[in-house]
2 protein chains.
Amino acid sequence: MKDFDPAGIRALTFDVFGTVVDWRTSVAEAGRQLARRHGIDLDANAFAEKWRSGYSGKLAEVNSGQRPRERLNDLHREILAEVAPAFGLDHLPDAELDRLNLVWHRLRAWPDSAHGLWRLRQRYLVCALSNGDSDMLATMGKFAGLGWDMVISVEMANSYKPEPAAYIKAIELVGAQRPDQVLMVAAHANDLEAARSCGMRTAFVHRPTEWGPGKEPDDGSGFDLEVPDLVALAVKLGI
Amino acid sequence: MKDFDPAGIRALTFDVFGTVVDWRTSVAEAGRQLARRHGIDLDANAFAEKWRSGYSGKLAEVNSGQRPRERLNDLHREILAEVAPAFGLDHLPDAELDRLNLVWHRLRAWPDSAHGLWRLRQRYLVCALSNGDSDMLATMGKFAGLGWDMVISVEMANSYKPEPAAYIKAIELVGAQRPDQVLMVAAHANDLEAARSCGMRTAFVHRPTEWGPGKEPDDGSGFDLEVPDLVALAVKLGI
């Protein structure tokens, strides 16, 4: 990690799923509750993992032009229908699965997130920059007590991260004159690498359980900043 | 005003300048302070009026295709340069006028706005929908204590209100299934008429001093709701 001078930073853009909210625990818990109501024996952690992992394949199809961009809500619902049989959820009424699909609007924040963002907002424009739909991000922010100055969904760029168009649109929307006035914050190395290739500065946040039990987190050592959580990021930025 | 059933409303979109913030008083005061520092005798109210009124002509040029869309910040700066001579401000250094131009990021809210929005957020997605740039709206929200769930700038639609594209983009971004799930809130009849023609529902807010001394406010009687302020809007919606 190099010396980092926060002067010149105008805005912070945050990856949301995994970096700010704990999708894994929230989704597993929603699956567990639904299964319990219907007397289904569900491996809730495996279910959460499987549902989420279907997502990167779909996004790759969009980014390569094989299929048009869709709302993340619709992609999540499509993946849920695909994974349901393996978990014994395919005999549930559609309305139940529709309701389960909304768990992605009601994810719990990591314990440091709300306070960390609040502190960072004292000095910076603090923005979500996510593959989630705008309304999903706004609803989730309200649910989890996250005070965003601006919610930037990649639907505004008609693309998905890590396509450069998504970062370039964010740089424009936060009103930066130059990409290095924007600090991208994420728990995923590929997100930060893409941001860096667009000229943004980068902060890696350690979320040790983001990859699931027994999985090794990404290596965060090559970025401008590397922090254990969002409160530590505020401290590192001198707030 | 017809009977209005708030059931089915998912999101509220707010015009910002004049409806949520008092641009007139804020801009006049900034002009007054600058003039005082330089010993210039300024009619601050006339100056604010003149600066603002240059804006609709520029937007009409954009919407008719005579000129490309630009950031509102740049349009404001261009108009400021045009009106400066008539007010004796044209001999000031460019940096002073650049700084004055930022007053549009630091407008004061009307006294009811912050509390009204906070109450409305308990039930609805509460969104700015403005011709202002995204970062201008986000900075202003922070300055004025306005907690938006989402900031929607018409730059996301590459247009300006009252072009339909601006409202249609907002309906999409708030995740509405139908336009009538969105309530447009404004102090200006033309904004609400355009929203209504896109299928949105409409609420007129009375801001008696928005048009300046001696000017008659718009007639707000033809819309779904007509309220004196944003707290009254919350009450009317049963919050």
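In chain B of this predicted model, helix α1 (residues 23–37) and helix α4 (residues 94–101) have axes that come within 10 Å and cross at roughly 155°, and α1(B) and α4(B) are therefore roughly antiparallel to each other. Here an axis is a line fitted to C-alpha atoms, for helices over the stretch in contact, and angles run from 0 to 180 degrees between N-to-C directions; angles under 35 degrees count as roughly parallel, over 145 as roughly antiparallel, 65 to 115 as roughly perpendicular and the rest as oblique. Helices (H or I, at least four residues) and strands (E, at least two) are DSSP runs, numbered from the N terminus. The crossing of α1(B) with α4(B) is right-handed, where right-handed means that the near helix is turned clockwise from the far one by less than a right angle, and left-handed that it is turned anticlockwise. On the α1(B) side the contact (heavy atoms within 4.5 Å) involves A30(B), G31(B), L34(B) and R37(B), which meet E96(B), R99(B) and L100(B) of α4(B). These residues divide into 3 nonpolar, 1 polar and 3 charged, with Ala, Val, Leu, Ile, Met, Phe, Trp, Tyr, Cys and Pro counted as nonpolar, Asp, Glu, Lys and Arg as charged, and the others, Gly among them, as polar.

Helix α4(B) also packs against helix α3 (residues 72–83) of chain B, the axes coming within 10 Å and crossing at roughly 130°, and α3(B) and α4(B) are therefore oblique to each other. This crossing, too, is right-handed. N73(B), H76(B), R77(B) and L80(B) of α3(B) make the contact with D94(B), L97(B), D98(B), L100(B) and N101(B) of α4(B), and by class there are 3 nonpolar, 3 polar and 3 charged residues.

In chain A, helix α1 (residues 23–37) and helix α4 (residues 94–101) pack at an angle of about 155° with their axes 10 Å apart, in a right-handed crossing. The contact joins A30(A), G31(A), L34(A) and R37(A) of α1(A) to E96(A), R99(A) and L100(A) of α4(A).

The relation between the chains can be stated directly: chain B can be laid on chain A with an RMSD of 0.0 Å by a turn of 180° and a shift of 0.0 Å along the axis, the copies being superposed by least squares on the C-alpha atoms of residues with pLDDT of at least 70 in both. The two copies are thus related as by a two-fold rotation axis, and the same surface serves both, since 100% of the contact residues of chain B recur in chain A.

In chain B, a cis peptide bond with omega of about 5° joins K161(B) and P162(B).

As for confidence, chain A averages a pLDDT (the predictor's confidence in each residue, from 0 to 100) of 94, and 99% of its residues score at least 70. The predictor gives the complex an ipTM of 0.90 and a pTM of 0.93.

Residues are numbered from 1 along each chain as its sequence is written, while chains are lettered from A and ligands numbered from 1 in the order in which they are written. Local features need pLDDT of at least 70, side-chain atom pairs count only at pLDDT 80 or more, and totals for chains, interfaces and linings use all residues, whereas side-chain values use heavy atoms, with hydrogens and water left out.
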